[in-house]
Amino acid sequence: MKPQQQRRLFIKGTLAGGAVVAAAGLGLIQPRLVLAAWPTDAFHSNSLEEALNKVFGSSTLEASDKVVLKAPGIAENGAVVPISINAEQLENVESISIFSEKNPTPLVARFKLKPGCVPEVSTRIKMGESGDVIAVVQAGGKLYSATTNVKVTVGGCGG
Amino acid sequence: MSEVKIRAALKDGKCEVKALLTHPMETGRRKDPAGNLIPAHHIQTVELLHNGNLMVEADWGGAISTNPFFSVSLNNVASGDTIEVRWVDNKGETSSGSVKVK
């Protein structure tokens with residue numbers, strides 16, 4: 001390598017390193033929070049099966065009555081549909097995920113729980129139209145699910 | 001920056017944590033009155049910490065409702081412990097809040 005090339009590499013390296021230091025100094029880099037990998041592919045998947053495969057590496061679900069999914073039978077406002085999931089009857093729950101089959105991108109949310117969490121989660125989601133809501137609980141290397149149909153009278157994703 | 005409201009209540013040996021975040025949660029699919037797409041702007045990652053230890057890490061898409069609400073429950077929480085919730089969105093904006101368990 002010619003000395004000139006080496007010098008260029010050195011300058012490049014210094015600039016890149018400097019940017020990281022500057023960002024850290026401004027508090028822009030919060031370890032874990034910003035660096036945590038948001039699963040872009042899974043959230044952009046437009047079919048339930050693809051989304052399941054991207055999140056879990058499998059789309060094989062075992063319907064289980066140990067997953068208790070509560071959702072309204074009829075949602076008057078698709079922009080705010082309350083969902084709650086309880087999986088206290090399962091052991092070693094690692095995550096609880098919510099899918100809305102008819103949404104343009106079915107994956108809504110995934111909650112990863114550390115030991116010490118009670119395996120129950122509640123939130124409010126948007127549904128574009130009537131369809132199935134699927135709760136998927138990952139426990140002991142298996143995927144347990146519960147499904148319920150929600151009728152939406154006014155969609156939550158319209159313009 | 002946007003507010004994070006947290007309530008943490010001890011009940012039957014568990015601590016139920018409810019959090020209300022302030023965020024537009026735009027999916028990127030809505031249009032403004034002029035017919036232009038409103039760019040996606042939503043929370044992507046939410047973390048819940050108990051005395052500084054990460055307990056819940058959630059990944060969210062734009063299908064969580066505007067001004068998101070969520071609740072989770074923790075074991076082994078005592079009065080005086082700290083519960084913190086923080087989030088980062090797809091534009092890199094962040095906010096956080098914390099409460100002491102009564």
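Biologist: How many residues does the contact take from chain B and from chain A?

Modeller: This is a predicted model, in which local features need pLDDT of at least 70 and side-chain atom pairs count only at pLDDT 80 or more, while totals for chains, interfaces and linings use all residues. Residues are numbered from 1 along each chain as its sequence is written, and chains are lettered from A and ligands numbered from 1 in the order in which they are written. Two residues are in contact if their C-beta atoms, placed from the backbone, lie within 7 Å. On that criterion the contact takes 32 residues from chain B and 33 residues from chain A.

Biologist: Which element gives the largest share of the side of chain B that touches chain A?

Modeller: Strands here are DSSP runs of E with at least two residues, numbered from the N terminus. On this side of chain B, at least two residues each come from β3 (43-50), β4 (53-60), β5 (69-74) and β6 (82-89). The largest share, 7 residues, belongs to β4(B).

Biologist: Which strand of chain A is joined to β4(B), and by how many bridges?

Modeller: Two strands pair if DSSP finds at least two bridges between them. Within this pairing A:Ala109 stands opposite B:Trp60, and A:Leu113 has B:Val56 as its bridge partner. The strand that runs antiparallel to β4(B) is β6 (residues 107-113) of chain A, joined to it by 5 bridges.

Biologist: How many residues of β6(A) are buried?

Modeller: A residue counts as buried if 20 or more other C-beta atoms lie within 10 Å of its own, with C-beta atoms placed from the backbone. By that count β6(A) is mostly covered, the buried residues being 6 of its 7.

Biologist: Which are the edge strands of the open sheet of 6 strands?

Modeller: The order of this open sheet is β2(A)-β4(A)-β7(A)-β5(B)-β2(B)-β1(B), with antiparallel pairing. The twist averages 15° from one strand to the next, where axes are lines fitted to C-alpha atoms and angles run from 0 to 180 degrees between N-to-C directions. An edge strand pairs on one side only, and those in this sheet are β2 (68-70) of chain A and β1 (4-11) of chain B.

Technical notes:
Helices (H or I, at least four residues) and strands (E, at least two) are DSSP runs, numbered from the N terminus. A residue is buried if 20 or more other C-beta atoms lie within 10 Å of its own, exposed if 12 or fewer, and partly exposed in between; C-beta atoms are placed from the backbone.
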